[in-house]
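Please open the model in the viewer and keep the selection panel at hand.

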Amino acid sequence: MTKGRDVLTRKVDYDCPFCDETHQVEIRSRITTALVKKESVKYNQTYFYCPIEDDDFVPSKIMDENLLEARDSYKKNKGLLT
C-alpha cells in the first residue's frame, strides 16, 4: 500500500490499543493504493491515530469499511455497479 496526504476528520475518545487506556485519538483519512483482483486501485482509507504513541491503527469495523471502499473503487474503475 502506498500512503498519501492524510486529513484529520475528527477527534474521539477511544480505548487505544497502544496505550491500553481511553483517551482522545484522531480519526484521519488518506488516499491509499491497494490491490483488488490483482489490480492496483486508489481509495479513501480511514484510520485512527494515537498522538501519544505517534502511530496509527485500524479497528476491525473500520477495516471492513475500508475494504468496501477499495472494492467500490475497483468497480467504478471497471464501470460496474457499486
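Is Arg-28 buried or exposed? Arg-28 is buried, with a relative accessible area of 18%; buried means under 20% relative accessible area, exposed over 50%, and partly exposed in between, with a 1.4 Å probe and protein chains only. Residues are numbered from 1 along each chain as its sequence is written, and side-chain values use heavy atoms, with hydrogens and water left out. The model is predicted: local features need pLDDT of at least 70 and side-chain atom pairs count only at pLDDT 80 or more, while totals for chains, interfaces and linings use all residues.

**The whole chain**

Helices (H or I, at least four residues) and strands (E, at least two) are DSSP runs, numbered from the N terminus. The C-alpha atoms fill a box of roughly 45 × 20 × 20 Å, taken along the principal axes.

Of the 82 residues of the protein chain, 33% count as buried. The chain exposes about 5800 Å², of which carbon and sulfur atoms supply 47%; these areas come from the Shrake-Rupley method with a 1.4 Å probe, and for residues only the protein chains shown count as cover. Among contacts (heavy atoms within 4.5 Å) between residues at least 6 apart in sequence, 38% join residues at least 24 apart.

Next, select residues 21-36, which form strand β2, and residues 39-50, which form strand β3. The two strands pair in the antiparallel sense over 11 bridges; strands pair if DSSP finds at least two bridges between them. The hairpin has 2 residues between the strands, and Lys-37 there takes a positive phi near 50 degrees. Further along the pairing, Glu-26 stands opposite Tyr-49 in β3.

**Salt bridges around Arg-28**

Now show the side chains of Asp-6, Glu-26 and Arg-28, which are linked in a network of salt bridges. A salt bridge is a side-chain nitrogen of Lys or Arg within 4 Å of a carboxyl oxygen of Asp or Glu. The whole structure holds 4 salt bridges.

Asp-6 and Arg-28 meet at 2.7 Å, N to O. Asp-6 lies in strand β1 and Arg-28 in strand β2, so this pair ties together parts that are 22 residues apart in sequence. Asp-6 is partly exposed, with a relative accessible area of 32%. In the bridge between Glu-26 and Arg-28, the closest N and O atoms are 2.5 Å apart, and both residues are buried.

Arg-28 lies over the face of Tyr-49, at 4.0 Å from the ring centre; a charge sits over a ring if NZ of Lys or CZ of Arg is within 6 Å of the ring centre and within 35 degrees of the ring normal.

Val-7 is found in strand β1 and touches Ile-27, Arg-28 and Ser-29, not counting residues up to four places away in sequence. At 38% relative accessibility, Val-7 counts as partly exposed.

Move to Arg-30, which counts as buried at 8% relative accessibility. What lies under Arg-30, at 3.8 Å from the ring centre? Arg-30 lies over the face of Tyr-47.

Select Asp-56 too: its side chain meets that of Arg-30 in a salt bridge of 3.6 Å, N to O. Asp-56 lies in strand β4 (residues 55-57) and Arg-30 in strand β2, so the pair ties together parts that are 26 residues apart in sequence. Asp-56 counts as partly exposed, at 25% relative accessibility.

**The aromatic cluster**

Finally, select Tyr-14, Phe-18, Phe-48 and Phe-57, which form one aromatic cluster. Rings of Phe, Tyr and Trp (its six-membered ring) pair if their centres lie within 6.5 Å; planes under 30 degrees apart count as stacked, over 60 as edge-to-face and the rest as tilted. By this rule there are 4 aromatic pairs. The rings of Tyr-14 and Phe-48 have centres 4.9 Å apart and planes at 70 degrees, so the pair is edge-to-face. Tyr-14 lies in strand β1 (residues 2-16) and Phe-48 in strand β3, so the pair ties together parts that are 34 residues apart in sequence. Tyr-14 counts as partly exposed at 29% relative accessibility, whereas Phe-48 counts as buried at 6%.
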